[in-house]
Amino acid sequence: MVTMGGFRKSLISIVLAAGLLACLLNACAPAGTADETKTGSKYIIGVSQANMREEWRIALIDELKEAADSEEDIQIITADATGSVSKQVQDIDNLINYGSDLIIISPVDEKKMASKIKEIYNKDVPVIVMDRAVEGFDYTLYIGPDNQVVGRQAGDYVANRLGDNGGRVVALSSKSMSIQGTERMAGFLGTMEENSQINVESLYMESESKDAAYDLICASKEKVERADIIFAYSDNVALGVCDALRDSGLEGTVQVVDCDGFKGEDEGMDLVKEGRLLATVSCPIGGNEAFDYAKSILKNESGVPKQVILRSTLITVGNINEALGQMDANYEDHGQTIDVGFSQPGKESNWRLANIKSVSESARAFNINLHMEYADQSQAKQFEAIRGFIDEGVDVIIVSPVVGDGWEGILTQAKDAGIPVIMSDRDVTIEGEDESLRTTYIGADFMEEGRRAMQWLRDNVPAKGKALKIMELKGNAGAKPTLERGQGFRNILNQTPGYEIEYSDYGDFTFEGGREVVSQYLDENEWDIDIIYAHNDDMALGAIEELKARGIMPDQKVTVISVDATKAAFESMVAGELSCSVECNPIIGDQLMKAVRDLVAGKKMPYKIITEEKVYDQSVAESLIKSREY
Ligand code: AHR
């Protein structure tokens, strides 16, 4: 729900009209600014920036303001927390008091700001978190890159470039480093460690500024001239390095690789084009994406995800022109008919049926021709279906993979045919991490689902004395939800004494599979299990049926918890049998079809788009069952 704050809003319009808001903000939030040109805007977006010292943070504000310039009914007000958590908490209160309908926050410290973000989210003020995800899902939307991946991309490039003979690398760190810099450096150094043929030396700047980088390179000339490549983790640092190399007569002898890849004079893209940088890993700042989603949230549109992980791209002289062209492109959807081939793993569960329905309905609504194929849980059949789509010449292929591994060959065939592939609901693991093989992933965070299941148990089924025994009903072997729901669950379990996994077997995400695992266990053992954790509802319901047939009452003798939160799971919770279900949302048709249209229009996709999900137990089941969509 969007708070409109009617009275407050008219008041703020008057204040804005009088041009006083900036002064008010400045009184409480010294670096706050407001766009004074728009009075009486329908919506106000309050932006709380961690600090306005770092170049990319300034760029984010610029991007947001530029996006807002083209929207008459949206007003942006900003506040600079100057790196202080307490100031940021105060800024957020001020921004809300001034009538903000939505808050965009780039947190000073994501751990320390988590409770404030949760507080405003619970008060129904939509909040978009940028750059650093806070733990859990207590915010409206998270947008940001994965900075470790960014650093790894730079590292992989350097390792490939130096090859088997290796070489010398200087990595430029700072004594006081931003979180982004720290994460990028961790990713970069991680890949360097995997390449023992490369000798890496870290040099430390006094600060993160261009001048500090310049001074350090000039002062370290002896070390620098022995290096093959210098790694700089931002455009700012890279510019200082490039200038120092030029002034020390080392330009062209020692190469530079950086991250950021901003566009504009002396930024990363510019430096690659001029040949001063060997490569940059370019990451979108996220302002445009945040603004677009903010509009959708304010207008209560459907299909807003929970997390958008931005895509970073390696840019060299080989693809700089194409990349710049893409940045400048004006994407237009001409409303043409689009053909999509969709390979589903099968019809194994209620979740899958709901997903198939959602995708089919959305395709019709988006005027997209959908050809859906079901693979009976066979990867070979999925390959066959995809080859068929390639022969048909579809515009886009969507795949929900049975298992996560072994996709490189078939995805390369699709790429060679010029057909982009979207991963739906389940992602793939790509060897060599050639991310160009899949455009984006739209679906759930399975790890988080597993974590939430164990958190619920920890909070609701406390271990007293003897350790509680858990039976795990796994999905099919090798599927991402199987692997990650298992891992996420164990992450929390390992920090929680008093619980142990006694037995674990595959039920393949089917009702029958869950029933059979319990049946076999009971054929061979006395019932000694306290908790059943099923990777989906269908298996949990199958297990419950078998337990009841054997005279073991669920929820009394054994707690059953599962994932999906289907209507059938709600019915079981209302009947007092299933105890809890962690939501995995299958209604992703609109998001998928929107992505298809964007792709065909030529837009670059984020790396991942994660859906919104909640946790439900018996205490809320009855009141919510009627509103369940699947
Ligand atoms: O990939 C999503 C999972 O696959 C669902 O949780 C499960 O029910 C399904 O079959």
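This is a predicted model: local features need pLDDT of at least 70, side-chain atom pairs count only at pLDDT 80 or more; totals for chains, interfaces and linings use all residues.
Strands β21 and β22 (residues 559-564) run parallel, joined by three bridges; two strands count as paired if DSSP finds at least two bridges between them. Residues are numbered from 1 along each chain as its sequence is written, and side-chain values use heavy atoms, with hydrogens and water left out.

| Partner strand | Sense | Bridges | Facing residues |
|---|---|---|---|
| β19 (residues 468-474) | parallel | four | L473 and A534 |

Helices (H or I, at least four residues) and strands (E, at least two) are DSSP runs, numbered from the N terminus. Together, β21, helix α20 (residues 537-549) and β22 form a right-handed β-α-β unit; right-handed means that, with the strands pointing away from the viewer, the path from the first strand over the helix to the second runs clockwise.

What about the faces of β21 (residues 531-534)? Both are covered: I531 and Y533 are buried on one side, I532 and A534 on the other. Buried means under 20% relative accessible area, exposed over 50%, partly exposed in between (1.4 Å probe, protein chains only). In a regular strand, side chains alternate between the two faces of the sheet.

Over in helix α17 (residues 446-460) sits R458, partly exposed at 35% relative accessible area. Leaving out residues up to four places away in sequence, R458 touches I492, T496 and Y499, where contact means heavy atoms within 4.5 Å.
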